[in-house]
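Reader: Hi! Could you walk me through this one?
Author: Happy to, here it is.
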Amino acid sequence: MVEGIIVKGIGGFYYVKTDTGIYECRARGVFRENKITPLIGDRVKIRENNLDMTGYVEEIMERETELIRPPVANVTQAVIVMSVKSPSLNLWLLDRFLVLAEEQKLNVVIVINKIDLDNNSIGKNIYENYSNMGYKVILSSCTLNKEIDTLKEVLKDEVTVFAGPSGVGKSSILNRIQPNLKLKTGEISEKTKRGKHTTRHVELIELDAGGYVLDTPGFSSLKLDFIETEGELQQYFKDIRKYSGHCKFNSCLHVKEPDCEVKKQLELGNISKERYNNYLNFLDEIKRNTRRY
Ligand SMILES: Nc1nc2c(ncn2[C@@H]2O[C@H](COP(=O)(O)OP(=O)(O)OP(=O)(O)O)[C@@H](O)[C@H]2O)c(=O)[nH]1
Ligand SMILES: [Zn+2]
């Protein structure tokens, strides 16, 4: 038996990367009987046949994390990519992706790409605001090859999913990091200013500099329906979470309650208005979602 990681799955075959090469494996029948489906990213033990590099998946190790869309196990990090222009920066979306990544307990890195197009210090403002919250923020440019080496370093030893709206440069960044990937990049259609979704099947790619990246963007569903109570949301806002313990009421949602530390910090400028407004907006949505039950 050898240990490995499932890097690809096609038509009932699992491709397991091990120290001795990639094996084309089937899953043992017992998994199907127990309704367990091996996932990309699963760490597995296989019974291998070295003559033809095939094998059987015998055992799946316990999963650290499990993303649903795309279905992949053991992702450790999310790189959330936004661009300053084309498409222009959308803070609502950024905060949305942050909530999704925080909920999965992933290490988060924010990349503001196309910094070559930034003539209004958009990148600098994001850098200051989100670094303050404790996020690593990288201002990158594929055209100028800026901070690509920093990103390589960030991906080392991690299993990373890239996320972000279409056209911000996710594929371009990965191609810069590892030129032999040749991921298709979509020219932004001038009519709609939206990129075409050119990345498709799910595969874990091992990087020469170390680490794995998923070749498909994560969090394609932006729904917050996994959040069951209004009180849960604040956990996924790093800046709000930091102060919420000092509110007068334990159950404070930081909306209209008296002696609210979060609102005090908002007044002091330690929490940004945009962030707070997005928090209220998401809270409203969760309120509407939960009322149904
Ligand atoms: N000016 C500038 N353009 C860039 C930069 N990075 C990428 N682009 C361009 O932006 C467009 C979209 O890039 P992609 O890499 O396809 O974006 P994506 O996020 O992978 O898009 P989807 O595959 O639709 O999710 C392409 O025309 C790239 O050439 C950059 O740093 N600066
Ligand atoms: Zn409060």
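Reader: What covers the buried residues of α4?
Author: The cover includes β8 (77–83), β9 (107–113), β10 (136–139), β11 (159–163), α5 (170–177) and β13 (212–214). Contact means heavy atoms within 4.5 Å; helices (H or I, at least four residues) and strands (E, at least two) are DSSP runs, numbered from the N terminus. This is a predicted model, where local features need pLDDT of at least 70, side-chain atom pairs count only at pLDDT 80 or more, and totals for chains, interfaces and linings use all residues. Residues are numbered from 1 along each chain as its sequence is written, chains are lettered from A and ligands numbered from 1 in the order written, and side-chain values use heavy atoms, leaving out hydrogens and water.
Reader: Which residues of α4 are buried?
Author: In α4 (residues 148–155), they are I148, L151, V154 and L155, buried meaning under 20% relative accessible area, exposed over 50%, partly exposed in between (1.4 Å probe, protein chains only). On the other side, D149 and E153 are exposed.
Reader: Changing topic, what are the protein donors of the zinc ion?
Author: For ligand 2 they are C247 (SG), C252 (SG), H254 (ND1) and C260 (SG), 2.1 to 2.3 Å away. Donors are N, O and S atoms within 2.8 Å of the metal (3.2 Å for Na, K and Ca); water is not among the atoms, so sites may look incomplete.
Reader: And how are the donor residues spaced in sequence?
Author: The spacing is C-x4-C-x1-H-x5-C.
Reader: Are C247 and C260 buried or exposed?
Author: Both C247 and C260 are buried.
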